[in-house]
Amino acid sequence: NSTLINFENNHLELTNNYQYLANNHQLFVINSNSLIIKGNTITATHPNNLGGVNDAIRLMNCSTSEINQNSLNGFNIGLIILECSSLNVNENLLENIASFGIYTRNSQNIYVGCNTVNMLISDPTSWGIYFEETSNSQRCTGKIKSNCVFNTKRAIRMFSSLSSPSNLPEI
């Protein structure tokens, strides 16, 4: 369990073909209770990097975090937030994203604001911003405000598979 982690002003470029490798994450943080990811450029330049679970940033069980002013380009999924709390995701640029720009599952108090998400294609299965609630113990809460989502048939989805009333984020 880590305390303060700063990942700022880095440039990562993935140039090889990882299409057939499952679960590739360029930055993966687990169990952090104070995290800053700011001003980074993370790019996948190979044309076949859009299959599988290939993402630029993945956070799991993190809290009190800032994900700001990053540029993510050429991934299947831009940012994945799993079972986190108290995150601010602001002013990020996500380009050429195939499936999900910002994907959040079972996370609380998540603020997603002023992000620009340019999807790669207008695919009926892709989403710019996706909030999913599958656990009664970790309900989805937060705000989605002032984002721009382009080149998709489905900009924002908030989904609960629970039978009880959901607490999905405010738009």
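Two residues are in contact, or touch, when they have heavy atoms within 4.5 Å. This is a predicted model, in which local features need pLDDT of at least 70 and side-chain atom pairs count only at pLDDT 80 or more, while totals for chains, interfaces and linings use all residues. Residues are numbered from 1 along each chain as its sequence is written, and side-chain values use heavy atoms, with hydrogens and water left out.

**Whole chain**

Colour the protein chain by secondary structure: there are 18 strands and zero helices. Both are DSSP runs numbered from the N terminus, a helix being H or I with at least four residues and a strand E with at least two. The chain has 171 residues, and 44% of them count as buried. Buried means under 20% relative accessible area, exposed means over 50%, and partly exposed lies in between (1.4 Å probe, protein chains only). Of the contacts between residues at least 6 apart in sequence, 64% join residues at least 24 apart.

Select leucine 59. Apart from residues up to four places away in sequence, leucine 59 touches Val29, Leu35, Ile37, Ile67, Ile80, Ile81, Leu82, Cys84 and Leu87. In soluble globular proteins, nonpolar side chains tend to be buried together.

**A salt bridge**

How many salt bridges does the structure hold? It holds one. Show the side chains of arginine 58 and aspartate 55, which meet in a salt bridge at 3.2 Å, N to O. The term requires a side-chain nitrogen of Lys or Arg within 4 Å of a carboxyl oxygen of Asp or Glu. Arginine 58 and aspartate 55 are both buried.

Select residues 100-105, which form strand β12. Because five of its six residues are buried, β12 is largely enclosed by the rest of the structure. Two strands pair if DSSP finds at least two bridges between them. Strand β9 (residues 77-82) runs parallel to β12 and is joined to it by five bridges. Within this pair, isoleucine 81 stands opposite threonine 104. β12 also pairs with β15 in the parallel sense, over five bridges. Here isoleucine 102 has isoleucine 129 as its bridge partner in β15.

**Serine 85**

Move to strand β10 (residues 85-90), where serine 85 is found. Is serine 85 buried or partly exposed? Serine 85 is partly exposed, because its relative accessible area is 24%. Not counting residues up to four places away in sequence, serine 85 touches Cys62, Ser63, Thr64, Gln108 and Ile110.

**Threonine 125**

Finish in the loop between β14 (116-119) and β15 (127-133), where threonine 125 has its place. Threonine 125 counts as exposed because its relative accessibility is 55%. Leaving aside neighbours within four places in sequence, threonine 125 is in contact with Ser99 and Arg154. Draw a distance from threonine 125 to serine 99: the two are 26 residues apart in sequence and 7.1 Å apart in space, C-alpha to C-alpha.
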